[in-house]
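Please view the sequence and the model before reading on.

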Amino acid sequence: MLLLNPLQSLWTAWQSQGCTVTSLLVIVLLAWSSSTSVEQKTLDLMRRAPLIDGHNDLALQLRINYNNRLSTINLHNLSKTHTDIERLKAGHVGAQMWSAYVLCSSQDKDAVRLTLEQIDVIKRMCSNYEELELVTSSTAVRETKKIGCLIAIEGGHSIDSSLPALRMFYDLGVRSLALTHTCNTPWAETSSTSHRVYQRDTSLTEFGKEVVKEMNRLGMMIDLSHSSMSTARTVLLISQAPVIFSHSSASAVCNSPRNVPDDLLQLLKENGGIVMVNLYNRFVACGNKANIATVADHFDHIKKIAGSESIGIGGDYDGARGFPEGLEDVSKYPALIQELLQRDWTEQELAGVLRGNFLRVFEQVERVRDELQAEPASEKEISLKEVDNPCRSNLRTLVPSSGSLGRHHPSASLPLPLLLFFLIVF
């Protein structure tokens, strides 16, 4: 399949020059040998530097298709998804950021519970299969001989505007949080234009800045995919640690609000973060059809603006429908790396794209955490005005004031007959 376009070009050239059959066979053999060499070079590189993929929504499909009942499926071979263990191995995936995602419709309702359930299914999945291993540090990602499992929350609505909830998610193994999904949170603005439930005068509120600060202190990666450009710009200016766009592409190639414009690529370079290129057709070609070359154009552009060290891969498999021809599922990653090799990317650059750039970011996030170790956990709370909704309890009205419990409760001072009278009558 990868030889088709070169052979078509050779056939056209042969016809125009009136070459002999023998000369054509020689040309074909040379082309085959060259392509085989590049393919082998690709596979050798990916064995040495297996891919760390920034975004996969298999956990979402496990809920949709199987109600998170892992006992009913064999994760080695799945027919309804882009991802299973056999295809991960074929794609030379060495570690995967698994998205714990819940719909924006759960915001202000049961988002925390639903997110916990998605974390649970990821952790069970990664403990049930010997090919997988839950990892929570850059050292563990680097050293594992299995497919490393990192947990990422996709959408700030999952923490319900609570820094204690953020910390508890970190304790459960979450190492990345996307500040928004397709809905605004009370404290951060989404790139989406259709689900902005919360409106404000600023893209990132003071509480939002506190979330960024606390993520730096914890050692949790800040994910700006789905954030508005204004939110992303503010975060890039205030974060002490590098950030990631876990599944975004280049706006200059496809002008989607989900992609990263050149001015932000420049800021990202200064921040030391990375864009993990999304493979979804609508984000790489702004349409329903794309091919490997279109995807590679995004890599070339980001490299031109921010350098190869600012690039990773975040396929977005099982989170979208419609992937480029030749990149239909997670087994096809070698075809992309081969395309980049044929575009004169060096093996050193591609080793960075595959895993080195992500590991550098993760290590720096942990380094900032260690530097902030003496800082106490933030006790800042979002104002009630910012999160006022029918499902949120106002603890200031629920918690009894001092002296109102036990024998000091008003009802406790009433004689029993009088108390029974009030209970019967009222």
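Is cysteine 254 buried or exposed? Cysteine 254 is buried, with a relative accessible area of 0%, where buried means under 20% relative accessible area, exposed over 50% and partly exposed in between, with a 1.4 Å probe and protein chains only.

## Basis of the model

This is a predicted model, in which local features need pLDDT of at least 70 and side-chain atom pairs count only at pLDDT 80 or more, while totals for chains, interfaces and linings use all residues. Residues are numbered from 1 along each chain as its sequence is written, and side-chain values use heavy atoms, with hydrogens and water left out.

## Three disulfides

Taking a disulfide as a pair of cysteine sulfur atoms within 2.5 Å, the count comes to three. With bonded cysteines counted along the chain, the pattern is 1-4, 2-3, 5-6.

Cysteine 104 and cysteine 183 are joined with their sulfur atoms 2.1 Å apart, and their link is left-handed, with -80° about the S-S bond. Both cysteine 104 and cysteine 183 are buried. Cysteine 126 is bonded to cysteine 149 at an S to S distance of 2.3 Å; the torsion about this S-S bond is about -95°, so the disulfide is left-handed.

## The pair of cysteine 254 and a further cysteine

The sulfur atoms of cysteine 254 and cysteine 286 lie 1.9 Å apart, and the torsion about their S-S bond is about 105°, so this disulfide is right-handed. Cysteine 286 is partly exposed, with a relative accessible area of 41%. Cysteine 391, at 54% relative accessibility, counts as exposed.
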